[in-house]
Amino acid sequence: MKMTSVARQEVLGLYRRIFRIAKKWQSASGQMEDTIKEKQYIINEAKTLFQKNKDLTDPELIKQCIEECKARVEIGLHYHIPYPRPVSVNPDNVYNNSSASSGSRPTTWSYISKPRKAEEAFQASLLEILRRSFITHCQSVVHIITNCEADMARVCNCE
């Protein structure tokens, strides 16, 4: 069974889209050498994965690969980092053993991009929020202690 013409058009459209993205890609660092490396990575990754999956005939597997490709493209564009990050998933839990042993399991995007820089920025902002919260809390405690000391001094007429 061959790929439907609709699926073929969608796959070719994704392939072209990835190459257009690579052509316009600018690295987040702004460094020319990083941009060149990232562009080359995008092109090589696309060629490799599309080539490995070119002989798929199962419509469900094709659909799955298309969805994974779309997700990876969107995540890469959103975070502006093309490199994937490994996900801790046991492949046997994702695919049933019969398809894995029969060799019909596709070569998928086995990584989901979630850039390290975005995580670091999130952690830094979270730490800043916690630091500010702690300072505010400490200031409140100092204020309460100061007021209590003033109240105690008035009560004891120690002023």
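Charges and contacts in a predicted model

In this predicted model, 76% of the contacts between residues at least 6 apart in sequence join residues at least 24 apart.

Me: What makes Glu-10 and Lys-70 a salt bridge?
Reply: The cut-off is a Lys or Arg side-chain nitrogen within 4 Å of an Asp or Glu carboxyl oxygen. For Glu-10 and Lys-70 the N to O distance is 2.6 Å, so the pair qualifies. Glu-10 sits in helix H1 and Lys-70 in helix H3, 60 residues apart.

Me: Why are Glu-10 and Lys-70 called partly exposed?
Reply: Partly exposed lies between the buried limit, under 20%, and the exposed one, over 50%. Glu-10 has 31% relative accessibility, so partly exposed it is. Lys-70, at 30%, therefore gets that label too.

Me: How do you know that Arg-17 forms a salt bridge with Glu-74?
Reply: Their closest N and O atoms are 2.7 Å apart, and the limit is 4 Å, so the pair counts. Arg-17 is in helix H1 and Glu-74 in helix H3, so this bridge ties together parts 57 residues apart in sequence. Arg-17 is partly exposed at 27%, and Glu-74 is partly exposed at 41%.

Me: Why is Arg-72 called buried?
Reply: Buried means under 20% relative accessible area. Arg-72 comes in at 9%, so buried is the word. Its side chain meets that of Glu-45 in a salt bridge, 2.8 Å from N to O. Glu-45 belongs to helix H2 (residues 32-52) and Arg-72 to helix H3, so the pair ties together parts 27 residues apart.

Me: How many salt bridges does a search of the whole structure find?
Reply: It finds 3.

Me: Why does Lys-23 count as exposed?
Reply: Exposed takes over 50% relative accessible area; Lys-23 has 69%, so it passes.

Notes
Residues numbered from 1 in each chain as written. Predicted model: local features only at pLDDT ≥ 70, side-chain atom pairs only at ≥ 80, totals over all residues. Heavy atoms only, no water. Buried < 20%, exposed > 50% of the residue type's maximum accessible area, 1.4 Å probe, protein only. Contact = heavy atoms within 4.5 Å. Helix = DSSP H or I, 4+ residues; strand = E, 2+ residues; numbered from the N terminus.
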